[in-house]
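Please keep the sequence and the model in view while reading.

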Amino acid sequence: MALSKSYRYAALLLLVLPLSLRAQSLWELANDNKDILKISTLFTAQNVRAYLSNEDGIGSAVKWCRDTGVTHVFIEAFRGNYTAERKTLENAKAKFKAAGFDVSGCVTTTRVGKISTGWNVISCYTNKGTQAELKRIFEYTASIFDEIMIDDFLFTDCQCGKCKTARGDQSWAD
Ligand SMILES: [Zn+2]
């Protein structure tokens with residue numbers, strides 16, 4: 001008798017559990033547990049131009065993120081010698097914040113100023129023009145976002161005459 005009673009409780013539990021899980025949306029579950037696992041996504045500068053420059057696009061992006069359990073969005077200001085427009089970035093930031101998301105900026109340092117003698121998306125950082133452009137990009141992004149993720153393209157493989165001189169007796173790795 002005792003055994004069949006516990007089976008009955010187990011059956012009841014199995015019935016109730018899926019119902020209670022279904023009552024909480026993925027968005028709510030993700031928000032309640034973001035100290036354990038935070039799901040983020042990046043809108044590249046080109047994504048910002050293509051998808052976040054009008055209200056319909058932003059609405060679709062917000063819905064997709066909610067449906068996917070994304071709670072933190074990175075909105076990129078620069079990539080591949082393209083700077084996203086200020087009003088587009090500011091509007092997207094405001095809309096995502098109003099919808100309850102954590103929002104940060106991002107910069108991908110590809111095709112900044114003078115191009116490297118190596119990989120053609122990488123830059124020559126001994127070049128004063130590259131340094132000035134890098135400063136402009138980060139000042140611009142920091143004027144919009146409180147936090148900036150820097151994509152891992154921030155390195156150089158340039159071996160131009162000025163970089164060789166600047167290297168001196170050190171190895172390229174040094
Ligand atoms: Zn160089």
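## A buried aromatic pair

In this predicted model, W27 and F101 are both buried, a class that requires a relative accessible area under 20%. The two rings form an aromatic pair of the tilted kind, with 4.6 Å from centre to centre and 50° between the planes. Because W27 belongs to helix α2 (residues 26–32) whereas F101 sits in the loop between α5 and β4 (102–107), the pair ties together parts that are 74 residues apart in sequence.

W27 and F101 also belong to one aromatic cluster, which they form together with F43 and F96. In total, the structure holds six aromatic pairs.

## A stacked pair with partly exposed rings

One of the aromatic pairs is formed by F153 and F155, whose rings are stacked, with 6.4 Å between the centres and 20° between the planes. F153 has a relative accessible area of 21% and is therefore partly exposed, and F155, with a relative accessible area of 34%, is likewise partly exposed.

## A charge over a ring

R49 lies over the face of Y82, and the distance from the ring centre is 4.1 Å.

## The setting of T88

When residues up to four places away in sequence are left out, T88 touches V48, L52 and S53.

Conventions
Residues are numbered from 1 along each chain as its sequence is written. This is a predicted model: local features need pLDDT of at least 70, side-chain atom pairs count only at pLDDT 80 or more; totals for chains, interfaces and linings use all residues. Side-chain values use heavy atoms; hydrogens and water are left out. Contact means heavy atoms within 4.5 Å. Rings of Phe, Tyr and Trp (its six-membered ring) pair if their centres lie within 6.5 Å; planes under 30 degrees apart count as stacked, over 60 as edge-to-face and the rest as tilted. Helices (H or I, at least four residues) and strands (E, at least two) are DSSP runs, numbered from the N terminus. Buried means under 20% relative accessible area, exposed over 50%, partly exposed in between (1.4 Å probe, protein chains only). A charge sits over a ring if NZ of Lys or CZ of Arg is within 6 Å of the ring centre and within 35 degrees of the ring normal.
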